[in-house]
Amino acid sequence: MRLGSGTFAACCVAIEVLGVAVFLRGFFPAPVRSSSGTEPRAEPPAPEPSAGASSNWTKLPPPLFSKAVIVLIDALRDDFVFGSKGVKFMPYLTYLVEKGASHSYVAEAKPPTVTMPRIKALMTGSLPGFVDVVRNFNSPAVLEDNVLRQAKAAGKRIIFYGDETWLKLFPKHFVDYDGTTSFFVSDYTEVDNNVTRHLDTVLGREDWDVLILHYLGLDHIGHVSGPDSPLIGRKLSEMDGVLMKIHTSLLSKERGMLLPSLLVLCGDHGMSETGSHGASSIEEVNTPLIFISSAFERKAGGIRHPKHVQQTDLAATLAIGLGLPIPKNSVGSLLFPVVEGKPMREQLRFLHLNAAQLSKLLQENVPLYKKDPGFEQFKMSERLHGNWIKLYLEESSSEVLSHLGAKVLRQYLEALETLSLSLRRQVAPYDTYSMAVGIALVLEVLMLLLLSIPKALCSKAELEVPLSSPFFSLLFYLAFLALSAIHVIVCTSAESSCYFCSVSWLMAGGMMMLMSLLLCAVVSAFTKTSVTMKLSSKTLAHCGSRWSELDLLILSGTVGHVLSLGASSFIEEEHQTWYFLVNTLCLALCQELYSNYFLGADSDSPVEQGLGTAAPALPFTSHRSDVSECDRVHPASAFEMLRDYEKWMVLASPWAVLTCCRLLRSLNQTGVQWAHRPDLGHWLTSSDHKAELSILAAVSLIMIFVLVQRRCSPISRAALALGLVGVYCYRAAIGNVLLPWQPDSKAISKGVVEARFVYIFVLGILFTGTKDLLKSQVAAADCGIQARCLWEVHSGLVLLAALLFRPHNLPVLVFSLLVQALMTKFIWRPLKHDAAEVTMMHYWFGQAFFYFQGNSNNIATVDVSAGFVGLDSYVEIPAVSLTAFATYTGPILWASHLVNYLRSETNRANKTETTSAAGKSKGAKPKPAGEGRQRRMELERRHAEGQQTPEPSPPFFQQQLPLLHCSRGEACALGDCTGLGFGAPARAGRAGGCALMREGPRSRWRAAAATPKGFSSCQGQSPTLDSRSSLCTSGWPQQRPG
């Protein structure tokens, strides 16, 4: 069977997509859902248990509260209420928690700790998945059962003010509403004033039953300034005043009501030490949950250690308190202290309704639910409850009822806890079998692609799969039978639900056939590749080509990193992998430099003789189409030609880069396990060290200008300087740093004017560089102009990064530019690294600097505030673009520098080629194509066989010299010795060849012919012999007489 390259590629892509889809289906398991659907159908509640007696309680219990006010403060951490900040800034709430009629809890929010999934969890009682992180930016309507839907169906009137996410999740649920955008994090004042301004009016009205208020200001302050900002205390004091106003208003109206009111204070998620959220740190998942009502008993005081519960428990508790059915998909349990003051029969009825709902959900999602401990406890509790009802209806003694009722209560509470835990665990485990099937498909296709690259990349490529081969058929059938047996064993012994086991046998059989076919194709391709490699091994051995130690390090490090992504712990701490790889790379470069310095010309990876004036590295030359892998050789070491300070800089550069990386590791702690440890960034961002931060920011901006301006045009240099001044003014305007002439008590603003001032220079530099670059492409201008234009674009990106970076992260940008400069001038160019090595080193450093910024694979480290620098309203495209750029600044700047470096080296190669062509046009005789290469291969063959190599005659020197001679360690070059042109650098050969020489330390290098053994002088027009170096500066060597 033959497949064209296009068909083969399309099939591989389709199978890859199928494998990834199956893997993701196992990695993101289906959430726990009720089989009764999402339609709002009124189902009768579970009847009260009975044992030999008829119970007449088949309806829902009446509501416990007449009105409910839910105050959700975004990013409210538990220590903001129960810690020292709560005591200092929220005195009224502290009084209610310690001595008032309230019940306080620490509610744990499951990750992802972003707003939309947390609102869904609060109202539905279910556990949203990580896919809701993407939906957070454009929240769809909630289709599953929730408290607000039940309240609307029961005729309750709901009013909402705050985050517009509620309006998207629950459309047409509110009789009155006013939404505010949640993405404009620079606004932490008006966004809350738009909610508070409705309070006086709505609290005086009687036409509502549920009031929901969502305050965003605290979350926005965290994103902009972090949890230690002085703005946090002011915002907490403001929220304390709001709570006092609501509570006193509710108490004043309860006198004329039959039922008390309920005030609920909660947070959707917490706030990390950097002010962000989205992950699973303690600061992000722990939120306060406080129920305040006159129906509760007042406490004696001194309670500051609330109990830990789940955030999903709020849905069941609210539903019971408002006399509504518990949402069908809720995995939460009733917070019993809320109903503790009711009669025993009502308490047992509330607990039974919750336990019956959880047991039904367990039956619909767990195949072996009867063996679940929670289900067994529920059945036992139901029997005990029936016995209690029987005694209650028979009017038995109160002591017996009380004793048995307390026992039933304990049994119900244990059953609720176990059932809720079992249902939560249903969401946590992965579908391992589906993940394994997806991984197998992806790996088979990847192996097939790797083995077929030589043919697949050709436009006329065809992949031949011998379907008619007996071996192929036997292997196919054996693989199919083995995979089918594994499928049967796994699906019949699985204790939990598995998606791949739930599909039809026809679909499963097709998947097994596909995997077997791919396995056979991989085996066939591997067999052909092995045969080809054996046939070509002799040719490779003859060429003598081998990988350097640095090549092996780069390859092994990259492959090792890819393999490490198969473990979640390595993903969480991926920064450690890149730190290790970059440090190892610096040590390898140091070893390479030192070996060339101390071993001289015998080194395998020598240092080129000139810094900034020598010929470019071999991989960047444009005239090497006839150079095979066997012809690739390196220049000899020439440290003697370097100035003293250049020698020291070359030797010290790897250690300087290593030092920079070590200092940056101390700036930002990242990852998961050690992110909580103190670092230099936390010390700098504290309010006590604003002066030190200001000095550091100013010095960093000056260093950025020094490192970037050297290749910019005068206009771009002036724009860069003014832009960096604007960056400091912007940070001073928003209160991050100090101005020498401005007191610390200056009012904090949004810095919109200052940021837009910088944006003008950023756009100007980018526009100028892009315009000149396009013009040079059209007009075929000098390559130097193109290199300068690319550098100006790079400088514009650097200025934008300086604006978006927080002040304590500006040293990351400085060290990034410094490492780029050191690597370019003292490592890559002297060591003659090829394009592939330089590209991979840029990739490594780009990934390392991504983590040096403080980023991680945790979405909580994304700095959302960077997307609103200079914006006074939420605009989606600029906000998303700026946030993405600020997050990936490290990889972007290193990719931009790579483009500049490659363009610069190509420019150097073009200049060399131009010089060579000019020299040949002045008198070089035309030579047959490929003559020099054939001669060189013949001499290498003779040398390998031990034959004596004849000395070349003078006319041969006049055409092309294949072997090289270097005196005193100068770097040699292949090329035409009659002119100044020469070709690519190469390893020094036997006596007799072209060499580079110059008359003085500041004169230009040019090609000259060395006088080998058997030659005593130079001949030709105006021959000149340099007696010190035995080089013919003009003409060619003349043979000695005799």
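In the predicted model, Cys-491 is partly exposed, because its relative accessibility is 21% and the buried class is limited to values under 20%. Cys-501 likewise counts as partly exposed, at 23% relative accessibility. These two residues form a disulfide, with their sulfur atoms 2.2 Å apart, a separation that lies within the 2.5 Å cut-off for such a pair. A disulfide is a covalent bond between the sulfur atoms of two cysteines. The angle about the S-S bond is -85°, and the link of Cys-491 and Cys-501 is left-handed. Cys-491 belongs to helix α20, which spans residues 470-493, and Cys-501 to helix α21, which spans residues 499-502; the pair therefore ties together parts that are 10 residues apart in sequence.

A search of the whole structure gave 1 disulfide. Cys-12 has a relative accessibility of 6% and so counts as buried.

For Cys-660, the closest cysteine sulfur is in Cys-661, and the separation of 6.8 Å is again too far for a bond. The relative accessible area of Cys-660 is 6%, so this residue is buried. Cys-12 and Cys-660 are thus buried, whereas the bonded residues Cys-491 and Cys-501 are partly exposed.

Key
Residues are numbered from 1 along each chain as its sequence is written. This is a predicted model: local features need pLDDT of at least 70, side-chain atom pairs count only at pLDDT 80 or more; totals for chains, interfaces and linings use all residues. Side-chain values use heavy atoms; hydrogens and water are left out. Helices (H or I, at least four residues) and strands (E, at least two) are DSSP runs, numbered from the N terminus. Buried means under 20% relative accessible area, exposed over 50%, partly exposed in between (1.4 Å probe, protein chains only).
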